[in-house]
Amino acid sequence: MSLDNSIPVLELVGLERHFAGAGGTVRAADGVTLTVGRGEVVGLVGESGSGKSTVGRCAVRLDDPTGGAVRINGTDVTTLSRRALRPLRKDFHLVFQDPSSSLDPRMTVGEIIAEPLRLHGIAKNKEAAHARVRELLAQVGLRPEHADRHPHELSGGQRQRISIARALSVDPDLLVADEPTSALDVSVQASVLNLLADLQRDRGFGCLFITHDLSAVEYLADRIAVMYLGQIVEQAPTAELFANPKHPYTQALLSAAPVPDPVTQRTRERIVLSGELPSPLAPPPGCRFHTRCPLAVDRCRTEVPALRTLEGGREVSCHLVAEDGTAPDAAAASSPTSRTIPNTRTATR
Ligand SMILES: Nc1ncnc2c1ncn2[C@@H]1O[C@H](COP(=O)(O)OP(=O)(O)OP(=O)(O)O)[C@@H](O)[C@H]1O
Ligand code: SF4
Ligand SMILES: [Mg+2]
């Protein structure tokens with residue numbers, strides 16, 4: 001572990017992951033710059049197909065970037081071979097959406113959790129490994145006897161607890177969690193999220209938290225990055241982003257999220273985007289969001305908006321956001337049917 005707290009655990013610099021195929025090049029990640037500080041939780045949100053998992057997989061080098069750079073604890077790992085990466089692997093882990101696919105069904109839970117300890121030579125002997133497994137099981141809310149079971153004997157929630165225990169067994173500095181609860185029953189999602197939040201607070205690992213669940217990201221993340229078609233369009237501290245989304249896409253995304261207050265939920269305005277996410281095979285020219293943006297003007301069709309940093313560290317890429325941060329209101333320009341009821345959330349902005 002690095003002693004310098006100012007070095008981020010994860011730095012993505014202009015990360016690209018293009019997939020070349022017969023039909024052309026899929027620009028799944030197309031210039032993503034993102035930093036996760038030590039002990040920081042960064043949420044990555046965006047609709048299905050926007051490239052979130054691609055970014056997550058490249059960040060832990062389960063996939064190979066085709067451009068840009070990935071640095072972990074200040075070390076450039078972009079092009080390191082599998083072999084060269086091996087000793088560094090204890091610093092970063094990925095927790096997948098579906099724990100069944102990442103847990104070897106032939107191994108016992110104890111073996112699964114102990115495997116990283118063994119690979120990295122962390123447990124001195126068998127007894128030390130057993131003790132660590134019991135400790136980890138307790139930390140994720142399971143009992144010592146679960147160590148002798150096999151993954152298929154457990155519930156989905158328990159399996160995800162085991163993949164979390166495995167990921168944390170070697171005390172990584174970075175955890176990439178890709179929709180860690182979306183494959184679980186709604187009834188157990190909250191408890192697994194709470195567990196992640198508790199462990200993150202206790203252990204202080206940095207986390208890239210990928211999700212569709214805006215209430216989860218609001219609860220867990222210090223900062224949120226919003227992705228659209230392979231790129232980040234806005235990034236801001238969580239509370240600021242929710243209180244005042246500036247990019248029209250962020251405004252649309254948040255307008256679709258449930259709000260705890262039923263009165264607000266009934267009366268607020270939902271921005272309905274027209275059409276589907278365009279294909280990453282041929283992203284629209286100019287602003288990639290222009291084909292669906294209720295506010296698009298002529299220049300949006302030809303001129304790529306730069307990702308600019310505003311005061312307070314917010315980043316946003318939209319021609320209509322002024323230098324002083326004044327932002328347009330996509331709801332006001334959205335279709336008339338979605339405007340019949342006033343939006344209490346945007347009205348106060
Ligand atoms: N191996 C691959 N070969 C070709 N295209 C790919 C590959 N992996 C991903 N893609 C494409 O890249 C784009 C981004 O996919 P990705 O899985 O990263 O999106 P996502 O934001 O994680 O979506 P979801 O929310 O559904 O999980 C999609 O268009 C997808 O079809
Ligand atoms: S640059 Fe234009 S199309 Fe893109 S988000 Fe801003 S207003 Fe919409
Ligand atoms: Mg995904």
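Ala, Val, Leu, Ile, Met, Phe, Trp, Tyr, Cys and Pro count as nonpolar, Asp, Glu, Lys and Arg as charged, and the others, Gly among them, as polar. By that scheme, the shell around ligand 2 holds eight nonpolar residues, three polar ones and no charged ones. The model is predicted, with local features requiring pLDDT of at least 70 and side-chain atom pairs pLDDT 80 or more, whereas totals for chains, interfaces and linings use all residues. Residues are numbered from 1 along each chain as its sequence is written, chains are lettered from A and ligands numbered from 1 in the order in which they are written, and side-chain values use heavy atoms, leaving out hydrogens and water.

**Overall form**

- The chain contains 13 helices and 12 strands; these are DSSP runs numbered from the N terminus, helices being H or I of at least four residues and strands E of at least two.
- Along the principal axes, the C-alpha atoms fill a box of roughly 65 × 45 × 40 Å.
- Buried residues make up 51% of the 349 in the chain (buried: under 20% relative accessible area; exposed: over 50%; partly exposed: in between; 1.4 Å probe, protein chains only).

- The residues around ligand 2 include His247, Cys287, Phe289, His290, Cys293, Cys300, Cys318 and His319 (near: a heavy atom within 4 Å).
- Pro248, Ala296 and Leu320 are also among the residues around ligand 2.
- The space that ligand 2 takes is the second largest cavity. On a 1 Å grid over the protein atoms alone, a cavity is a set of points where a 1.4 Å probe fits but cannot get out; a molecule sits in one if more than half of its atoms lie within 2 Å of its grid points.

**Aromatic pairs**

- The structure holds three aromatic pairs (ring centres of Phe, Tyr or Trp, the last by its six-membered ring, within 6.5 Å; planes under 30 degrees apart are stacked, over 60 edge-to-face, the rest tilted).
- Tyr228 and Tyr249 form a tilted pair, at 4.7 Å centre to centre and 55° between the planes. This pair links distant parts of the chain, 21 residues apart: Tyr228 in strand E9 (residues 223-228) and Tyr249 in helix H10 (residues 248-255).
- Both tyrosines are buried because their relative accessibility is 1%, for Tyr228 and for Tyr249.
- The ring centres of Tyr228 and Phe289 lie 5.0 Å apart with the planes at 75°, so this pair is edge-to-face. Phe289 belongs to the loop between helix H11 (262-267) and strand E11 (308-309), 61 residues from Tyr228, and the pair links distant parts of the chain.
- Phe289, like Tyr228, is buried, and one aromatic cluster is formed by Tyr228, Tyr249 and Phe289.

**Residues with positive phi**

- Arg61, not a glycine, has a positive phi of about 55°. Its place is the loop between helix H1 (52-59) and strand E4 (67-72), and its relative accessible area of 4% makes Arg61 buried.
- Asn73, also not a glycine, has a positive phi of about 50°. Asn73 is found in the loop between E4 and strand E5 (75-76) and is buried, with a relative accessible area of 12%.

**Helix H6**

- Ile162 lies in helix H6 (residues 156-168) and counts as buried at 1% relative accessibility.
- Between the C-alpha atoms of Ile162 and Val304 the separation is 44 Å, the two residues being 142 residues apart along the chain.

Conventions. On a 1 Å grid over the protein atoms alone, a cavity is a set of points where a 1.4 Å probe fits but cannot get out, and a pocket is an open set with protein on both sides within 12 Å along at least five of seven lines; lining residues have an atom within 4 Å of a point.
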